[in-house]
Amino acid sequence: MLKLLFISLVSCLIIYIGQLVWKKGNTNFIAGYGKIFTPKDEKQLAKGIGLIIMLFGFETIIFPILSLFFEGLGFYYGLLVVLNFFAVFGLMIKDQVQGKP
């Protein structure tokens, strides 16, 4: 039970970080920012990345609770983590291709 409480607190922190990224519109935490990667539409990119971070936080809350009732959900949680990872890269690629309208 203590483990579930700790995971829930960490998940709430992740959701809060996602909200900060969304609201502030700042993506300078991305590795290689300004050297390898410079966003063309930083506000839109920050909204997308903030949303993905918040979804990751919700997934992190839901899956441990569901694992109390169902066995073998670790694979599906890992799959969602990988999909979140690729979604962030997809948003970065979309930003570079489209840029500001």
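Ring pairs link F56, F63 and Y77 into a cluster, where rings of Phe, Tyr and Trp (its six-membered ring) pair if their centres lie within 6.5 Å, and planes under 30 degrees apart count as stacked, over 60 as edge-to-face and the rest as tilted. The model is a predicted one, in which local features need pLDDT of at least 70 and side-chain atom pairs count only at pLDDT 80 or more, while totals for chains, interfaces and linings use all residues. Residues are numbered from 1 along each chain as its sequence is written, and side-chain values use heavy atoms, with hydrogens and water left out.

Here is the overall layout. The chain has three helices and zero strands, and the order of its elements from the N terminus on is α-α-α. Helices (H or I, at least four residues) and strands (E, at least two) are DSSP runs, numbered from the N terminus. Of the 101 residues in the chain, 30% are buried; buried means under 20% relative accessible area, exposed over 50%, and partly exposed in between (1.4 Å probe, protein chains only). If contacts between residues at least 6 apart in sequence are taken, 65% of them join residues at least 24 apart, with contact meaning heavy atoms within 4.5 Å.

Back to the rings. Searching the whole structure turns up five aromatic pairs. The F56 and Y77 rings have centres 6.4 Å apart and planes at 25°, so this pair is stacked. Since F56 belongs to helix α2 and Y77 to helix α3 (residues 74–98), the pair ties together parts that are 21 residues apart in sequence. F56 is partly exposed, at a relative accessible area of 24%, and Y77 also counts as partly exposed, with 24% relative accessibility. F63 and Y77 make a tilted pair, 5.5 Å from centre to centre with 55° between the planes. F63 lies in helix α2 and Y77 in helix α3, so this pair ties together parts that are 14 residues apart in sequence.

What does F63 touch, not counting residues up to four places away in sequence? It touches L73, Y76, Y77 and L80. F63 counts as buried, with 14% relative accessibility. The C-alpha atoms of F63 and G74 are 8.1 Å apart in space, while the two residues are eleven apart in sequence.

Next comes the way the helices pack. Two packed helices are described by the angle between their axes and the distance between the axes. For α2 and α3, the angle is about 175° and the axes are 10 Å apart; axes are lines fitted to C-alpha atoms, for helices over the stretch in contact, and angles run from 0 to 180 degrees between N-to-C directions. These two helices, α2 and α3, are therefore roughly antiparallel to each other, given that angles under 35 degrees count as roughly parallel, over 145 as roughly antiparallel, 65 to 115 as roughly perpendicular and the rest as oblique. On the α2 side, the residues that meet α3 include L45, I49, F56 and F63, and on the α3 side they include Y77, N84, V88 and M92. By class, the residues of the contact of α2 with α3 are 13 nonpolar, three polar and two charged. In this scheme Ala, Val, Leu, Ile, Met, Phe, Trp, Tyr, Cys and Pro count as nonpolar, Asp, Glu, Lys and Arg as charged, and the others, Gly among them, as polar.

N84 sits in helix α3 and counts as buried, at 12% relative accessibility. Apart from neighbours within four places in sequence, N84 is in contact with I52, F56 and E59. L51, in helix α2, counts as partly exposed at 40% relative accessibility.

As for the other helix pair, the axes of α1 and α2 come within 7 Å and cross at roughly 170°. α1 and α2 are therefore roughly antiparallel to each other. Their contact has 18 nonpolar, seven polar and three charged residues.

Which residues make up the largest nonpolar core? The seven are I14, V21, L45, A46, I49, I53 and M92, a nonpolar core being a set of buried Ala, Val, Leu, Ile, Met, Phe, Trp, Tyr and Cys residues joined through side-chain atoms within 4.5 Å. At least two residues of this core come from each of α1 (2–24) and α2 (42–67), and α2 gives the most, with four. In soluble globular proteins, nonpolar side chains tend to be buried together.
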